[in-house]
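Take a look at the model below. The text after it walks through the structure step by step.

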Amino acid sequence: MDTESLYLFRDLCRTRNMTQTAKNFFLTQSTLSKRLARLEEELGYPLLLRSKGRKEAELTGKGERFLGVVVHMLELYEEGLSFREEQERYLLRLGCMRSAQEYFLAGFLQDYLLGHPRCSLTLEDHHSVEIRDLLQEGLLDVGIVQIPLASRGLVSELLYEEPFLVVMKEPGHFQGKKIISMEDLDGKQEIFQIFTEEFRSWHDQYWRALDSKIRVNSTPTAEKYFQGPEDWMLVPRSVAAAMKKQGFSIFPLAERTPFHRLYLASRQGEDRLWVKEMTAALQQHFQDLKKGQMDRRSF
């Protein structure tokens, strides 16, 4: 049973006219009749009612039922042919901390997927150490982490760095100040979140984490505990900018703070084109962020 015979039969059911169908396929009417007779022989039952003087092609009962099968068969056949026109999609697995997703990547990834329709992206939320392990196991392709990864088989590079700022929901007597000093901040009113061990070491030179009002492991959790005047928290500048939109007040410190850093990590020797495209796009995105930050001179 060849597909051309099925197309002939389907067209005849549409035109109900042997002469018109033969013309549509550049065949003689005799050739069309032979092709249909061969199809009936292969099936073992007649598809058309035949009698002298019949002007229109008329289907038998089984011919009517077979037409439904033919339509479905040709639809599947044409769907299969359409695969030739499609390019294979590729899987890309990106792991990063939740804060990086929220404050840096949402708009970027939407634009990236629009520009790379073949990319099937899996976005996973993990801590830096978990991302390291998943990269080593081959379960992630690219990672954004807070610490440089020097593990065997992995490479990382600095993507972005930003200072820490003080945020307050009710600034109290700090209202209107453009800058504040660490010695003015009461450690018992701190909402403390550890970002990296470097940040923790610096922080503990001035305030004891155990003296803080509460210790949390995420900024959305911390926001619920700004209850009294002059409750405060140290957060990276990108987080502070988002909190400012929610009504928080932001203050730079007079003293120098460590930088909050983001690193781009992948497996050493990675040569897949789509992974290289993603890493290059991420590098450009963070370069643009740095340039925009310099232009705005925020805070």
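Across the interface of domain 2 and domain 3, 2 residue pairs are in polar contact, both at pLDDT 80 or more. Salt bridges across this interface number 0. The model is a predicted one, and the polar pairs are found by rule from its atoms.

How much area do domain 2 and domain 3 bury between them? The figure is about 900 Å². Of that area, 65% lies on carbon and sulfur atoms. The size of an interface is often given in this way, as the accessible area lost when the parts come together.

Now turn to the side of domain 2 that touches domain 3. Two helices, α5 (98-115) and α10 (273-296), each supply at least two of its residues. The largest share comes from α10, with 4 residues. Sorted by class, this side has 4 nonpolar, 2 polar and 1 charged residues. Counted as contacts, 7 residues of domain 2 meet 10 residues of domain 3.

Step back to the whole chain. Which parts is it divided into? Domain 1 covers 3-82. Domain 2 is made of two stretches, 90-153 and 266-296. Domain 3 covers 160-260. The C-alpha centres of domain 2 and domain 3 are 27 Å apart.

Is H285 buried or exposed? H285 counts as buried because its relative accessibility is 17%, and the cut-off for buried is under 20%. Leaving aside residues up to four places away in sequence, H285 touches F104, L105 and F108.

Next come the salt bridges. How many does a search of the whole structure find? The search finds 16. One of them joins the side chains of R35 and D2, with N and O 3.2 Å apart. This pair links distant parts of the chain. R35 is in helix α3 (residues 29-43), while D2 is in the segment before α1 (3-15). The two are 33 residues apart. R35 counts as buried because its relative accessibility is 15%. D2 has 36% relative accessibility, so D2 counts as partly exposed.

Other pairs lie between neighbours in the numbering or a few places apart. R132 forms a salt bridge with D133. Their closest N and O atoms are 3.1 Å apart. Both partners are partly exposed: R132 has a relative accessible area of 27%, and D133 has one of 29%. D211 forms a salt bridge with R208, where the closest N and O atoms are 3.1 Å apart. D211 is partly exposed too, with a relative accessible area of 31%.

Some salt bridges join up into a network. Which residues are linked in it? They are R93, D141, R267, E270 and R272.

Technical notes
Residues numbered from 1 in each chain as written. Predicted model: local features only at pLDDT ≥ 70, side-chain atom pairs only at ≥ 80, totals over all residues. Heavy atoms only, no water. Domains from an automatic or database assignment. Contact = heavy atoms within 4.5 Å. Buried area = accessible area lost by both parts, 1.4 Å probe. Salt bridge = Lys/Arg side-chain N within 4 Å of Asp/Glu carboxyl O. Polar contact = N/O pair within 3.5 Å; in protein donor to acceptor, adjacent residues only side chain to side chain. Nonpolar A, V, L, I, M, F, W, Y, C, P; charged D, E, K, R; others polar. Buried < 20%, exposed > 50% of the residue type's maximum accessible area, 1.4 Å probe, protein only.
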